[in-house]
Amino acid sequence: MPDAVVIGGGPNGLVAANLLVDAGWSVEVLEEQESPGGAVRSDRGVHPDYVSDVGSAFYPLAAASPVLAGLGLERYGLRWSHAPRVLAHPLPDGGCAVLERRPEDTAAALDALTPGDGEAWLGLHRTWRRVGPDLVGALFTPFPPVRAGLRLARQVKAGGGLRLARSLVLPVRRLGEEEFRGEGGRVLLAGNALHADLAPEAAGSGGYGWLMSMLGQTYGFPVPAGGAQALTTALVRRFTERGGVLRCGSRVERVLVRGGRAAGVRTADGATVGARRAVLADVPAPTLYRDLVGAEHLPGRVLADLERFQWDFATFKVDWALDGRVPWTAGAATGAGTVHLADGVDGLTRFAAQLATGAVPDRPFLLFGQMTTADPSRSPAGTESCWAYTHVPHVVKRDAGDEGLDGRWTTAQAETMADRVEREVERWAPGFRALIRARRILAPPTLQALDANLRNGAINGGTAAMHQELVFRPLPGSGRPETAVNGLYLASASAHPGGGVHGAPGANAARAAVRAHVARTPLSALQRHLTRRDREGRRAG
């Protein structure tokens, strides 16, 4: 019997497992799919000569994460690669907002669009340099982040206090209007806010757009060399070399609760895996509580709060193998790893409004990834492995494009939506469709089948809106990985601080489990454990 069972071999589950084995625990990870990684996987399923990332692709949060940095994954084969430019957003007037690798170059590009906006960008970056490190530290620790929070409070006070706090809770449309005279800086912030499900008019979208923009400015939007799978492979290699056990094709269908405490799990084939100390679940909060634990083990308030849990947007994705590079009208987009496609901030608002009213957007906002531009190993020279994703409603009420899409996502409907996505790319890159050698369509049900955590392709484990963050994540009064069942910890993106590949939910859950075990351990047993660990450390040294 292992000390801990981790349900789910996605990035958060693997981070949790690594930290537990580092603490001297025996750990088994049970993954439903036949390979680990969750949404962090790559394959050659579009074309044998092209590497395509199945889910996530760019990793600014991973590059910034102190959790992943502490694992030393470079020693296990992980290597980051960067595109010449971080991000581009072509504008309707033919211009192009560009997030360059250096802030001075971003400022110069914005000044070329609207004089004075470059200095405004540098001002936002100066604020980031002052508060950014402590803000990241606060985000990636359990709530409330006492030490990092105190440091951040001191920096916020020194940097303008309430004025800075006001800027962070502004809607990104308003923040852009206050900071920039032209559309370039505004659309960089607003497009980055929609990496989460935050419309330009949503409270707090300004802070999120600024955060993602400054992460890109500081760390870039790097990609794992060779494909997203390289990140998963490094996490697995580190874990198994330390004695951890990974079992794929093993779906957990129940958390076993005895005497109010998690005692292990039961898998779909009827096998029981006990856990001496803890069970950690890298699954969405509704799945954990409703399906794996069950109402009989939960307080009524938890069940009531689950009725108000809100998912983030559903996702529709298309992968392509192109015979050439994307023929952007805006030449500055050519060297960008990530390209945002929408008719400015107004286009983003229109897109978000259609989603809010249950309509499949007629001109979808696209996040477009040029993977060979970011990592030349992804496809033959002169070609491009690329993808685009957009969002659609979970419950479709109408099709704003008048093509009969109703949310069933049959093969015919998926093809129709993929054609719509391609027409939108073609608006900004005439001749794009003529370059397509092969494509793969990942409609919402397909994404969920590939990774059960992606409910209809929802990539953030629940909305990033303010009403479901911090102490409200995933439910009011939460904010930490502990659950209503002793020894059971939520380790997924449903937990604080939420979505993105950074490992913080898994790390928080692992550390909470270790702290709880230490608190329950009699002093004499703890002293023997520490003495044994110290002797082993001396022998290893």
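Glutamate 384 lies in strand E18 (residues 384–392). The model is predicted: local features need pLDDT of at least 70, side-chain atom pairs count only at pLDDT 80 or more, and totals for chains, interfaces and linings use all residues. Residues are numbered from 1 along each chain as its sequence is written, and side-chain values use heavy atoms, without hydrogens and water. Strands (E, at least two residues) and helices (H or I, at least four) are DSSP runs, numbered from the N terminus.

Glutamate 384 counts as buried because its relative accessibility is 0%; the cut-off is under 20% relative accessible area, with a 1.4 Å probe and protein chains only. Beyond its neighbours within four places in sequence, its contacts include Tyr50, Trp320, Arg325 and Met371. Contact means heavy atoms within 4.5 Å. The glutamate 384 side chain reaches the backbone nitrogen of methionine 371 at 3.3 Å. Valine 51 is 333 residues away in sequence, yet its C-alpha is 9.9 Å from that of glutamate 384.

Now the helix pair. Helices H9 (residues 183–193) and H14 (residues 344–356) pack at about 30°, axes 8 Å apart. H9 and H14 are therefore roughly parallel, a term for angles under 35 degrees. Glu183, Arg186, Val187, Ala190 and Gly191 of H9 meet Gly344, Val345 and Leu348 of H14.

Last comes H16. Helix H16 (residues 411–428) has 18 residues and spans 27 Å between its first and last C-alpha, close to the 26 Å expected at 1.5 Å a residue. That expectation is 1.5 Å times one less than the number of residues. Buried residues of H16 include Met417, Val421, Val425 and Trp428.

Definitions and conventions
Buried < 20%, exposed > 50% of the residue type's maximum accessible area, 1.4 Å probe, protein only. Axes fitted to C-alpha atoms, helices over the stretch in contact; angles between N-to-C directions. Parallel < 35°, antiparallel > 145°, perpendicular 65-115°, else oblique. Polar contact = N/O pair within 3.5 Å; in protein donor to acceptor, adjacent residues only side chain to side chain.
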